[in-house]
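Here is a short briefing for a reader who is meeting this structure for the first time.

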Amino acid sequence: MENHYQTLLSEIEAIQVDAKKFAICRENKVFYVGELLFNLVKLLKEGNTPTAIQQILLEKQNINLTPEKIEQVIEENIINKVISNTSPNPADALFSSKYIYGKARLMSGETLHKIARLFQGLFTKYIFIIGFIVTSIISGIFLKEVFRGNSIFDSSMNTQNGLTYILVSYGFLIFIGMFHELGHAAATAHYKIAPKEIGFGFYFIFPVLYTDVSKIWVLNKYRRIVVNLGGIYFQLIIGSVLWLLYHWSLSNAPELLGYIQAVFLTNTVMIIYSMNPFMRNDGYWIYSDLFEIENLSKSAFTYPKKVYSYFAGEHKISFVSGFKKISKEIPLLIYCLTNYMLITLLPFLVYKMSRVNYQKIRLLIANNWHFQGMSYAETGIMISKIVFFYVITTIVIIRTAKMLITTYRTN
Amino acid sequence: MQTLNNNTDVQLTEGLFIVEMEDRLETVEFATAATNSICRDSEAAVAAH
């Protein structure tokens with residue numbers, strides 16, 4: 001009898017991630033599956049019929065699955081969820097793929113792969129370890145040299161030093177951002193996975209550059225962490241090049257020093273921002289991979305519900321969402337508590353800022369729409385900042401409320 | 001139709017799950033970082049007046 005599953009399953013891959021983790025993927029979408037399901041898919045792909053698989057499983061693993069049951073399992077899990085990819089849970093849609101919107105492709109996967117391959121040697125084990133440490137030290141030294149005794153935010157990049165500094169910084173931002181993404185892509189290419197495009201989009205309301213590296217879920221956790229660090233690694237390389245340039249300019253072109261400092265500052269601030277684990281920046285993926293908490297954001301949002309179900313004895317906890325090793329539970333608990341704490345602090349922040357802003361606006365009106373000691377341009381920046389703050393806050397509140405409502409209504 | 005034995009029940013529970021992994025878009029946010037430092041600087045400049 002011909003096995004029609006072989007054709008049906010030809011577009012999906014079954015990959016073993018590590019000793020205990022198994023993945024099924026279709027194009028760029030990855031699913032973690034149990035070992036038995038993984039073996040079923042592999043055996044079907046190899047051309048075995050459900051009747052033959054029943055015998056194999058019985059002999060090798062002492063599991064008795066009827067051919068009907070095998071067909072049902074494949075239909076329910078693989079055909080419906082992987083091949084048709086119809087996610088019936090709206091919470092999944094919210095957490096899994098919709099967090100970047102207004103996407104526009106800046107570089108195709110093909111071009112990116114070609115460029116990424118040129119840099120993949122930087123991710124050879126020892127080159128990466130030594131390179132990361134050395135560039136971190138150089139960037140640290142440069143930071144100390146440039147901002148002696150000051151905070152890194154006290155740069156010479158301000159409106160008084162001229163708009164050119166700001167324009168140079170913003171111009172380099174695009175370059176740095178692209179290079180950062182290239183870092184992720186090169187690491188992905190090093191592990192023989194073709195990186196997808198580099199694009200531009202919005203996360204909340206923040207403009208971001210992104211690289212789609214969804215396929216790296218099939219790599220083990222250390223390799224995934226290397227891909228996560230790829231962007232910062234490339235930015236540290238930029239930092240080190242700037243340091244060399246700075247020292248060359250000291251005696252050769254002192255007029256460039258201010259620009260180099262401005263670019264270095266931007267680069268460093270971007271690295272620090274990237275480490276934030278509460279937005280889907282590099283820090284988020286590093287935390288998720290390091291502690292092996294898959295779908296971290298969703299897991300953290302639904303954690304209180306899980307704890308409630310557990311203690312209320314509702315027996316709603318399945319083996320998947322159930323409690324696992326303590327080494328996994330504690331980092332998730334810490335993340336969840338901090339996440340909810342930040343959400344709780346938000347109203348206080350809005351209240352505090354509103355009081356300050358109220359005073360500022362009163363002063364502004366009293367001074368005939370002009371802050372004392374400020375130019376009109378500076379007043380404009382100040383007003384834009386106030387507006388910007390409320391726009392961001394409103395969006396964050398709406399998005400958070402939406403996530404909470406969806407999470408608690410479904411599942 | 002054959003029935004499942006106990007061993008099978010346990011293995012089924014352990015071995016047949018499927019979880020969709022979230023999309024991994026490695027992002028770098030490039031405007032707020034610079035805006036933030038520029039705004040802080042302009043504030044510092046104003047304070048220095």
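Among contacts in chain A (heavy atoms within 4.5 Å) between residues at least 6 apart in sequence, 70% join residues at least 24 apart. This is a predicted model, in which local features need pLDDT of at least 70 and side-chain atom pairs count only at pLDDT 80 or more, while totals for chains, interfaces and linings use all residues. Residues are numbered from 1 along each chain as its sequence is written, and side-chain values use heavy atoms, with hydrogens and water left out.

**Chain A overall**
- Chain A holds 14 helices and six strands, which are DSSP runs numbered from the N terminus (helices H or I, at least four residues; strands E, at least two).
- Of its 411 residues, 48% count as buried, meaning under 20% relative accessible area with a 1.4 Å probe, protein chains only.

**Helices H12 and H13**
- The axes of H12 (residues 296-311) and H13 (residues 326-366) of chain A, which are lines fitted to C-alpha atoms over the stretch in contact, come within 9 Å and cross at roughly 90°.
- H12(A) is therefore roughly perpendicular to H13(A), a term for angles of 65 to 115 degrees.
- Residues making the contact include A:Phe301 and A:Tyr303 of H12(A) and A:Leu332 and A:Cys336 of H13(A).

**Cysteines**
- A:Cys336 counts as buried because its relative accessibility is 5%, and A:Cys25 is buried at 1%.
- A search of the whole structure finds zero disulfides over all chains, a disulfide being a pair of cysteine sulfur atoms within 2.5 Å.

Terms used
Chains are lettered from A and ligands numbered from 1 in the order in which they are written. Axes are lines fitted to C-alpha atoms, for helices over the stretch in contact, and angles run from 0 to 180 degrees between N-to-C directions. Angles under 35 degrees count as roughly parallel, over 145 as roughly antiparallel, 65 to 115 as roughly perpendicular and the rest as oblique. Buried means under 20% relative accessible area, exposed over 50%, partly exposed in between (1.4 Å probe, protein chains only).
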